[in-house]
Amino acid sequence: MTALDFSRVGFIGLGAMGKHMVEHLATKLPNDSSVFVYDISSPPIDELVGRYPGKIVRNTSPRNVADNSTLIFSMVPEGEHAHCVYLAPETGVAAAPLHGKILIDCSTIDIATSLSIKNHITAHHATTSFYDAPVSGGTLGAKAGTIAFFLGCATDDPNLPRISELLCLMGTKVIPCGGPTSGLAAKLCNNYLSGLIAIASSEALNMGIRAGLDPRVLNNVIGAGTAANAVCADYNPCPGVVAKAPSSKGYEGGFKVQLMKKDFGLAVELAKDVGANLVLGEKGLETYTAAAEDPKCRDRDSRVVFRFIGGDEGWKERLGG
């Protein structure tokens, strides 16, 4: 059995993204493959094991997953969770024998924590490879299998072809970004820009509605012009413009505003660390911090900033259609 054998794959973290990613593995890996899963919450494990009996196997800890798997994914909310998954003394992945195994962390966390995990793995498990591979595309993309992976991996890494093959079972694009933590740096830049686009789109849509425009027409204008963007096209902040968008379902699902606050804050920290000037960074962080604490917005999709800024959610009642 080699480190890139796909017959025993592990997955730690079955939240809004991870659960969908595991389902793609369960349906697309060969029939004789097993997916060993763990989460601190039992319901998603129960659901997946019940839906894919024999294919998805319940485990009791990250170490248990590592004992059973040759290639292990993780997808957790923050750096402290990733640190615990990998480095907890008794139950962490690094507590298991890891000879020749591949570890891929798909979480969006701070660069310092990811690097500390990487350095620990290198120091204590010399034949084991650890990669950062944060994703983009949100829960809609995770469910559809269209997410992109930003892989902290050089283009000449010998593991890249096989890793990419496995990642493409869960997404459609794998972009090797360079060495360790380069995937995270790329993801933080992406989410910084995405967060600002969501705020600006909310402001523009609300301004248009108040000026008498139908936001569906305005969205078509945006899509045909120089302001075209994926947020307006797929995750439009204004309810009722894009039927599949979380905003049209009460901002349920999607990428929680607390997570955008976290990622945006990490991006602002990164800018400070590397000496990059941000004109809009502090205001954007202030907006997401306040929205994440607002009872009308908390636990909802991050495009709920439309609601936070006072966006007109009742436009359809007046315009009809």
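What is the volume of the largest cavity? I shall come to that in a moment, after a word about the model itself. Good morning, colleagues. The structure before you is a predicted model.

The largest cavity has a volume of about 30 Å³. With a threshold of 30 Å³ or more, the count comes to one cavity. Its lining consists of Ser-114, Leu-115, Lys-118, Phe-130, Tyr-131, Asp-132, Pro-180 and Thr-181. Helix H5, residues 111–124, and strand E6, residues 129–132, each contribute at least two residues to that lining.

Let me now turn to the annotated domain. According to the unreviewed UniProt entry, residues 8–177 carry the annotation "domain: 6-phosphogluconate dehydrogenase NADP-binding". This span is 39% helix and 22% strand, and its end C-alpha atoms lie 27 Å apart.

The largest nonpolar core has 37 residues, and the members that touch the most others are Phe-11, Met-21, Leu-25, Phe-73, Ile-104, Cys-106 and Phe-149. Two or more residues of this core come from each of several elements: strands E1 (8–12), E2 (34–38), E4 (71–74), E5 (102–105) and E8 (147–151), together with helices H1 (18–28), H2 (42–51) and H7 (160–167). Apart from this core lies another, of 31 residues, including Ala-198, Met-260, Leu-266 and Val-304. As general background, nonpolar side chains in soluble globular proteins tend to be buried together.

Which residues does Phe-11 touch, not counting those up to four places away in sequence? In helix H1, Phe-11 meets Gly-18, Met-21, Val-22 and Leu-25.

Helix H1 is itself mostly covered, with eight of its 11 residues buried. These are Gly-18, His-20, Met-21, Val-22, Glu-23, His-24, Leu-25 and Ala-26.

Pro-44, Ile-45 and Leu-48 are buried in H2. They lie on the same side of the helix because they cover an arc of only 100° around its axis. The general principle is that an α-helix has 3.6 residues a turn, so residues three or four places apart point the same way. On the other side of H2, Pro-43 and Gly-50 are exposed.

What covers the buried residues of H2? The cover includes H1, E2 and strand E3, residues 56–58.

Thank you for your attention.

Conventions. Residues are numbered from 1 along each chain as its sequence is written. This is a predicted model: local features need pLDDT of at least 70, side-chain atom pairs count only at pLDDT 80 or more; totals for chains, interfaces and linings use all residues. Side-chain values use heavy atoms; hydrogens and water are left out. UniProt positions are given in the numbering used here, feature names are shortened, and annotations may be inferred rather than shown by experiment. Helices (H or I, at least four residues) and strands (E, at least two) are DSSP runs, numbered from the N terminus. A nonpolar core is a set of buried Ala, Val, Leu, Ile, Met, Phe, Trp, Tyr and Cys residues joined through side-chain atoms within 4.5 Å. Buried means under 20% relative accessible area, exposed over 50%, partly exposed in between (1.4 Å probe, protein chains only). Contact means heavy atoms within 4.5 Å. The arc is that of the directions from the helix axis to the C-beta atoms. On a 1 Å grid over the protein atoms alone, a cavity is a set of points where a 1.4 Å probe fits but cannot get out, and a pocket is an open set with protein on both sides within 12 Å along at least five of seven lines; lining residues have an atom within 4 Å of a point. Grid points are joined across faces, edges and corners, and a volume is the space filled by probe spheres set on the points.
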